[in-house]
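Subject: Structure handover

Hi there,

Here is the structure I promised to pass on. Have a look at it first, and then read on for what turned up.

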Amino acid sequence: MTKAWMVSVSALALACTTPGWAQAQNTEGSLLDELIVTAQKREESVQDVPIAVSAFSEQTLKAQGIDTGGQLVQSVPNLSFTRRALRTNFQIRGVGAQLISLSGDDGVGIHHNNVPLTANRLADAEFYDVERVEVLRGPQGTLYGRNATGGVVNIITNKPADEFDASITAEFGNYKALKYQAFINVPLGDRLALRAAGFALQRDGYTSNTLNGQDIDSRDIWAGRVTLAFTPTETLRGFLLWDSFSEDDTRGARKQLCVKDVGLTSVLGVPTGAAQAGLTQGCLPASVYDPNAFGTTNQLSTFTGILARQIGLQPVDSFLGKTISRDLREVEVLGRPTYRPRTELYEANIEWDMTPSLTLTSLTSYNENENYSRGDSTGGYSSVVFPIGPRAPDGFLNDPQIGRVDRLVSESGVIGHSEQWTQEVRLQSKFDGPLNFNIGGIYLDYEALNFTYVAANAATAAVKLLVPTAYVDPLKEPDFSGHNYFVSRTEYRLKSKAVFGELYWQATETLRATLGLRYTDDEKWTRGSGSTLFTPGRGPVFTAPQVVEFKETTGRLNVDWSPDLSFTDDTLIYGSYSKGYKGGGFNPPGVVILGLKTEYEPEFVNAYEFGLKNTLWDGRLLLNLTAFHYDYQGYQIGRSVNKSVFNENIDAKIKGLELESVWAPIDGVKLNANIGYLDTSIEKGRVIDSFNRTQGNPAYVYGNSTTGGCIVNAAGLASILQAPGGPATMANRVCSGAASVTAGLVAAGNAPATAAALAAGAYTYGPGVSLYTGGVGEGVLQDLKGNELPNAPKWTVSLGAQYRWELPGAWTATLRGDYYRQSDSFMRYNNASFDGIRAWDNVNASLILANADLDLNIQVFVKNLQDEDTIVGFDIADENLGATRSIFLLDPRLYGIAITKGF
């Protein structure tokens, strides 16, 4: 069995020495013979493709310790990854999905065998039985679709072959990890072949729940794939594929950090008194690295705490005096979180050689996804129990969703279902002359239903007291018809049609040009039901349906030259211009009712790229360079508002460099390096920072409410605080507006005219302040010009080294180490002092023993060799959920052994 070096390309970022995908070497020490990719939806040698593309074989992924899509960041320059509530965010060169919206599109297209997946499991599932994973950097809108403004990740699975083959892998690791992979390939005569593959993973969690001593964040995954290939004639071929993924485990609970905001004790020297409870944001604007961040939110600022205070259930901060463990892998949650995603994918690919020079391809797919996540969102176990009183006569509340408890508890969840159909038809030529083409069309039909849910025992108690005609859902597993919890229901449909084509002109033997165009017609429809909490009756109350349509033309122009140079074996020089597009969408009802915009606009990017691909020293050195510049209009961003998300647009410029190389100085030794430099700058955009609404302007003061935060005039507030009943009025109505405050002051004994004048003073604003409907200040506008884009570190560096040597008895050994580092970055486009993520690094290592005669492979591995609890990202919770910082950690040190036996 021929041994070959595996190479990660687009500069061939990786190298490893396990049996695999490359063809036999032509010369001893050569790094590359002929690696074939389909970056342009046709088979080409990677060094001949005038696109920045990285490709990884399954063996390369294993050797590098890349199990999931999120771990690709450690091997692809200028790639970043973060998790979000509704979606995961892959960013390439700073371009991804910073919005959070069911109607929003990812900036990096995720494809499976060239099928676009609007909803996908790239971040959850592990790679198994794949031929390769391709990562295309830069806009790919001509061939790959409407939302590939950042690039494309394309997973190519192994297809059935005409010879029997089988393999099984068993992996054993710490945290009681058990992982199994297997495939079997069976030819069924001369015209059919069947390949079946499976994957299973079980492990304990990386996080400990200090309330009950149980671990959480466990994994329990099953995945399977069956592919039937057929060749009924010499000119007709294709495959049918079924791919399934399911998970049922305890992922979801993350460490929440906070520097408690106790609230203002005075305003311009005037004591706040009872109003202090309405003047706290829960957590101060502090960094996740702040040594004081191991506190708890001020529950008086949260949706739950405000309700409890207003109905007399809990008059004080229920986290009073409480701190949390300083161990980042210890949390406090009531019960165990639940995470249950499921996916079913069907594909049918048929190719027909109409003539020796024309091939017609049909690609049909159906994809169904389900999401279910639910768990405690209190932020810790409350330290203050309910006082005995009218609302809790025995000190307990019995809530149908929460259960019987003696303190404030809340839970949240996201439940969704989606279905997608696609049909693509392409006609490709392979004429002997200078002109060839690739033309086609695609239709995509996508439907989704999503529920965002927040329940609190204080909310149910308040509903029973204040709105006795509201339906209280009696089910432990809510049916979302209750009016005793917050639920936002969104229905979404997308119908997208596109025609596309590329023309390839071989002007001379060494000069080639590519012209591509795509016309896309996106029609989006949505209907939603905002919160029905505190309203009579049962079930959703739908808003009027909204419809938007976007019709856009995009494309690319590329010129590449392959000169015959004396100092290289092969060289490709290319320059390109491409235009990318990503559709706009809708904002949810929960923010629209506040007077914010109902829609956000599309994105457009004009991208310029220059690249060099070089092979030197008889194939022992591969050296590739890329430079790029993007002009971005309408970059979509989102921020938390009223337990929901408001999305809007900004403009930005992006530029950067990428260097990738592999060097084999002597036989058996391989060294690789990837270096990415990224410079991002926001050019235009004025926004409200939900977690810094005053922007440090002393003329204004922050206030809280059950629908989110606001700002009020400090001098006006100080005057109200000196009036009879002023502190109590502002404790409950600070964000309610002048009319409500006037009514409260009048009820406290103030003359109507005096009350109105006082209230007007609190809601008087200068220039640069955005207002909600009703005249309440949303916040001081922040000018983003000059800020960096989020999740866009200036530097990413990946270094690798391996040594392969022969052992007795047909055995070989390969020792490999990989180092990755990214510089500091910001998690939010606001670039506030508390938005930063420090530079971090990671080291992986492996030893592979292989015996070709036995078809046996043994790998010993370790990941995160330093065993550091590295913060790689964080979210800031909605103001109504306490504004805590929920962190994402690099996996702890993982080690184990994997044994693979082929048959």
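A residue is called buried under 20% relative accessible area, exposed over 50%, and partly exposed in between (1.4 Å probe, protein chains only). By that rule E477 is partly exposed, because its relative accessible area is 41%.

Please keep in mind that this is a predicted model, in which local features need pLDDT of at least 70 and side-chain atom pairs count only at pLDDT 80 or more, while totals for chains, interfaces and linings use all residues. Residues are numbered from 1 along each chain as its sequence is written, and side-chain values use heavy atoms, with hydrogens and water left out.

Salt bridges

E477 pairs with R374 in a salt bridge (3.0 Å, N to O), a term that stands for a side-chain nitrogen of Lys or Arg within 4 Å of a carboxyl oxygen of Asp or Glu. E477 sits in the loop between α4 and β30 and R374 in strand β25, so this pair ties together parts 103 residues apart in sequence. Helices (H or I, at least four residues) and strands (E, at least two) are DSSP runs, numbered from the N terminus.

The whole structure has 54 salt bridges. Another one joins K179 and E126 (2.9 Å, N to O). K179 belongs to strand β13 and E126 to the loop between β9 and β10, so parts 53 residues apart in sequence are tied together. Both K179 and E126 are buried.

E247 and R219 also form a salt bridge (2.7 Å, N to O). Here strand β18 holds E247 and strand β17 holds R219, so the link spans 28 residues in sequence. E247 is buried at 4%, and R219 is buried at 8%. E247 and R219 also belong to a network of salt bridges with R121, D124, D249 and R251.

A buried alanine

Where does A458 lie? A458 is in helix α4, residues 457–466. A458 is buried, with a relative accessible area of 0%. Leaving out residues up to four places away in sequence, A458 touches T304, L307, A308, I311, L313, L397 and L408, where contact means heavy atoms within 4.5 Å. Y485 is 27 residues from A458 in sequence, and their C-alpha atoms are 9.7 Å apart.

One more residue to look at is L503, in strand β30, which is partly exposed at 40% relative accessible area.

Enjoy exploring!
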